[in-house]
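Hi,

Here is the structure for your files. My notes on it follow below.

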Amino acid sequence: RSSDLRNWACCLQKDKRFLSPAPARRVTESAFGLDSNAIRNMGCLNSTPKDNRGRFRVRNLDDQNRVVGEGELEVTTTHLVLHQSTDPIQWPLKFLRRYGYDENLFSFEAGRRCPTGEGIYAFSTRAAEQIFRLVENNIKRRKSTDDDRDGGASAPAAAFPE
């Protein structure tokens, strides 16, 4: 029973047709009659400490999928921030053209108005979907706030098509 549930959950996570546009909800241990270790082994729970919810360990990849740097990618209400040994690099969410994820990869396209200029950035991380959801929610929240202020004139970034 436990292995069937794990297989089913993994299939749903990989098949993007089953991903709801609503924010993911935390699964409780009692929902399926499993202990917390069984659910953690399915990869369903966030292992990031509560005080660091918006920061995730990442590896920056080049276009050949080679690691070019490591650090923490932080998702704030207005920016993506890459914290490395040097000064942090910031990308305003309002200047992202597209963003998306696939298994252990989160990527986005920065527009020319970003401090780094335009380009596509890819990060290897176990938290790719979590980062995607945070970015998506923050952009939607910003869009609804902007719409309230100016009647809907702002244009948010678009998620990569599935």
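How many bridges join strand S2 to S3? Four do, and the two strands run antiparallel. Strands pair if DSSP finds at least two bridges between them. Helices (H or I, at least four residues) and strands (E, at least two) are DSSP runs, numbered from the N terminus.

Before the rest, some ground rules. This is a predicted model, in which local features need pLDDT of at least 70 and side-chain atom pairs count only at pLDDT 80 or more, while totals for chains, interfaces and linings use all residues. Residues are numbered from 1 along each chain as its sequence is written, and side-chain values use heavy atoms, with hydrogens and water left out.

**Strand S3**

S2 covers residues 67-75; S3 covers 79-83. A hairpin of three residues links them. Leu73 sits opposite Leu82 in S3.

On to S4, residues 89-92. Four bridges join S3 to S4, again antiparallel. Here the hairpin has five residues. Val81 faces Gln90 in S4.

Four of the five S3 residues are buried (under 20% relative accessible area; exposed is over 50%, partly exposed in between; 1.4 Å probe, protein chains only).

**Thr125**

Thr125 lies in the loop between strand S7 (119-124) and helix H3 (128-150). Thr125 counts as buried because its relative accessibility is 6%. Its side chain reaches the backbone oxygen of Arg57 at 3.0 Å. The Thr125 side chain also reaches the backbone nitrogen of Ala127, at 3.1 Å. Leaving aside neighbours within four places in sequence, Thr125 is in contact (heavy atoms within 4.5 Å) with Arg57, Val58, Glu103, Asn104, Leu105 and Ile131.

Best wishes

How values were computed
A polar contact is a pair of N or O atoms within 3.5 Å; within protein, one must be able to donate a hydrogen and the other to accept it, and residues adjacent in sequence count only if both atoms are side-chain atoms.
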